[in-house]
Amino acid sequence: MRTTKRIVAGASAVVLAGTLGACSAGDGVPTLTWYINPDDGGQAEIAASCTEAADGAYRIETSLLPRDAASQREQLARRLAASDRSLDIMSLDPPFIPELAEPGFLAPVPDELQDTDGIVEGAVQSASWNGELVTVPFWANTQLLWYRKSVAEAAGLDMTQPVTWDQIMQAAEDQNKQLGVQGALAESLTVWINALVASGGGKILEDPEAKPDEMQLGLESDAGKKAAEIIGRIGSSNLGGPGLPTADENASMNLFQGDNGSFMVNWPFVYPAMQGAAPEVVEDLGWAVYPRVDAGTPAAPPVGGINLGVGAYSEHTDLAWQAVKCIVSPENQARYFVTNGNPPSNLAAYDDAEVNEKFPMASTIAESLQLGAPRPQTPYYNEISIGLQRTWHPPNAVTPDTTPQTSTDFILAVLRGERLL
Amino acid sequence: MRADKEPGAKPKKRRSDRARAEARLGWMLAGPAFGIMLLVTLYPIVQALWDSLFSLRLTAPDDREFIWFRNYQVILGDPAFWQSMGVTLFITVVTVLLELIIGFGFALVMHRAIKKLRGFARTAILVPYGIITVVSAFAFFYAFDINSGGYVNSWLSWIPGFDENLNWFAYQGTSLTVIILSEVWKTTPFISLLLLSGLAQVPGDLEEAAKVDGATGWEVLRRVILPNMKAAIMVAVLFRTLEAFRIFDNIFIMTAGANDTEALSLLAYNTSIGRLEIGLGSAISVLLFLSVLIIAGIFIKGFKVDLSAGRNS
């Protein structure tokens with residue numbers, strides 16, 4: 001009985017403290033809500049330091065969005081469509097930005113934040129819509145080619161020079177090893193397809209700004225066919241391992257860490273993760289820019305990351321943009337990289353000594369970001385992405401003769417509203 | 001109040017006043033609940049019906065257009081819808097059949113278990129039903145998923161010809177097997193609970209009479225027990241069929257619809273929540289709702305026949 005009473009009293013105290021905490025917001029300082037994607041606490045830290053730097057001009061509170069990008073988009077789109085005034089600052093996944101910008105859900109970026117000098121090209125492209133910056137790049141992600149030095153050496157590959165997909169497939173095949181790629185029916189598959197098509201000199205979407213019924217896809221091209229050939233070969237030759245049809249980024253990393261690991265394309269989060277899980281692999285670990293499709297054309301590594309937008313219905317858009325300016329400062333980006341492993345979009349942050357000490361591949365990441373090919377920037381990205389996933393999955397069923405055409409027909413029918421997705 | 005006490009007032013009218021007051025009180029007490037029920041059940045259905053007549057995308061509010069029944073035309077003419085319908089019906093039929101057989105076995109165990117063990121047997125059998133579907137879906141996913149160290153393959157490695165590298169979630173057949181397995185594991189207790197109540201209603205003297213007449217155990221089951229619990233079986237099958245037809249959690253967690261495992265409810269979810277296509281998604285939801293109504297209608301009609309047949313015998 002006594003214990004129960006104590007528990008009740010304790011719970012009441014916690015609730016009361018929470019309520020009082022909420023009441024203390026009534027000190028006249030405007031509170032900005034920053035909807036953040038889950039991370040290791042870095043955004044909350046930046047929110048606290050920017051609140052302090054604002055010196056009473058505003059206070060930033062963070063609110064957590066769901067874990068995966070698609071669910072983040074769903075929640076933000078639903079709230080914005082309902083004119084939610086609490087959406088002051090939003091951490092946005094780049095491919096979904098045009099969809100939110102087109103109906104006017106995002107407040108215009110002020111002139112002082114339009115300057116994109118020193119920001120990596122991929123991030124600027126992904127933050128824009130209709131040739132105009134509609135969000136501000138915060139951190140920019142890119143995939144690298146991670147490899148086991150021993151495997152590359154045994155295959156006689158000079159990893160200081162650009163390598164092609166054919167070369168790494170051959171190297172893995174010759175040594176009975178497996179490649180870490182993402183073949184699951186998920187956004188990661190679209191990322192892979194886009195990088196392959198772009199590196200082959202093609203485009204998934206010819207004119208991203210076209211109306212849905214006028215859109216033209218570029219999959220039925222040499223680049224599209226070559227992309228299908230690579231995915232189909234990895235899928236049907238067991239090069240991606242038995243887990244390939246359900247492999248996401250974590251599964252690829254686990255495969256790479258295992259006995260059959262050789263090469264892997266993945267985001268930089270794998271570096272700190274492997275340091276903890278498989279230090280012996282880190283000793284044998286090398287990294288390079290994403291593989292090329294043709295030896296003669298440059299690679300087009302996937303780019304991702306997070307850009308910051310301000311909700312059009314926010315009551316404090318001016319203050320929100322001031323806060324955004326503080327959040328994306330090169331110092332904050334460098335600190336975020338060091339503490340959370342998310343690479344900066346501002347090149348100046350790569351000069352930070354701590355960044356280079358903690359991430360020896362920082363310069364490769366910066367180089368990769370400059371080469372990066374964003375996914376198609378269109379309000380109908382979701383349809384295109386899911387349409388690609390549906391038709392390029394499972395990887396062992398992908399063939400250059402049929403997949404690009406089936407995919408094109410299906411996606412265009414979906415865009416015209418004639419097919420379900 | 002004073003008017004009631006007037007001597008000239010007719011008793012009949014007074015009663016009517018009282019009846020009216022009681023009716024008013026009744027409405028005041030039940031009205032809010034009635035209103036809320038209307039609001040939470042009828043309103044969304046009507047709203048979905050209305051929305052399904054529009055081409056409406058949440059992120060393109062200005063392009064909203066009234067298109068009559070074109071959404072239904074697109075859905076009913078799309079192989080993806082029929083594929084989902086096929087998968088949903090397959091899962092429904094297989095799970096309900098398996099659950100009925102296993103559930104009846106469990107019900108017999110619970111019914112016949114000696115008194116000392118009865119409590120334990122009932123608790124043990126009912127445990128899975130107490131677990132939230134999403135949780136059991138995750139448990140099955142991690143048990144079978146080879147990318148996150150699923151252990152089932154190593155358990156089954158003794159079976160000749162079994163490939164230890166089998167990726168259960170890479171093919172339609174194996175994915176559906178795991179989905180059905182998890183569904184059966186989770187909800188068999190529900191069916192067995194309903195069947196247990198049916199078993200308890202079978203008159204013991206009928207069974208004894210049959211045995212005295214020389215009937216074997218199988219004959220007693222077929223001729224005496226099963227016919228006497230027909231109503232309980234029908235209720236169990238109806239409830240489970242309706243529930244199985246709306247399957248969502250297991251598929252969402254395990255395959256997210258990959259390898260043609262997308263059930264109708266997942267298709268509705270992906271269209272209205274994932275794609276934000278409110279019009280098209282509402283139309284799928286309406287079709288799902290109609291399917292459930294049809295199933296319920298068929299069963300209720302079946303009920304009537306069975307119930308009267310039971311009475312006649």
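**Ground rules.** I count residues from 1 along each chain as its sequence is written, with chains lettered from A and ligands numbered from 1 in the order in which they are written. Since this is a predicted model, I ask for pLDDT of at least 70 for local features and 80 or more for side-chain atom pairs, while totals for chains, interfaces and linings use all residues, and my side-chain values use heavy atoms, without hydrogens and water.

**Confidence in chain A.** I started with pLDDT, the predictor's confidence in each residue from 0 to 100. Chain A averages 91, and 94% of the residues score at least 70. I marked residues 13–24 of chain A, where pLDDT stays under 50 and the model has 1 contact beyond four places in sequence; a contact here means heavy atoms within 4.5 Å.

**Outline of chain B.** I find 14 helices and 2 strands in chain B, taken as DSSP runs (H or I, at least four residues, for helices; E, at least two, for strands) and numbered from the N terminus. The radius of gyration of chain B is 27 Å, well over the 20 Å that the globule rule gives for 313 residues, so chain B is more spread out than a compact globule. I take that radius over C-alpha atoms, and the rule is 2.2 Å times the number of residues to the power 0.38. Along its principal axes, the C-alpha trace of chain B spans about 95 × 75 × 35 Å.

**Where the chains meet.** How much area do chain B and chain A bury between them? I get about 2400 Å², 54% of it on carbon and sulfur atoms; buried area is the accessible area (1.4 Å probe) lost on putting two parts together, summed over both. On chain B, 30 residues are in contact with 30 residues of chain A.

I then looked for salt bridges (a side-chain nitrogen of Lys or Arg within 4 Å of a carboxyl oxygen of Asp or Glu). There are 5 between chain B and chain A. In the one linking A:Glu383 and B:Arg275, the closest N and O atoms are 3.1 Å apart. Helices 3 (70–76), 4 (79–112), 13 (264–274) and 14 (278–312) of chain B each give at least two residues to the side touching chain A. Helix 13 of chain B supplies the largest share, 5 residues.

**Within chain A.** One joins A:Arg73 to A:Glu99, with the closest N and O atoms 2.7 Å apart. A:Arg73 sits in helix 3 (residues 69–81) of chain A and A:Glu99 in helix 4 (residues 97–101) of chain A, so the pair ties together parts 26 residues apart in sequence.
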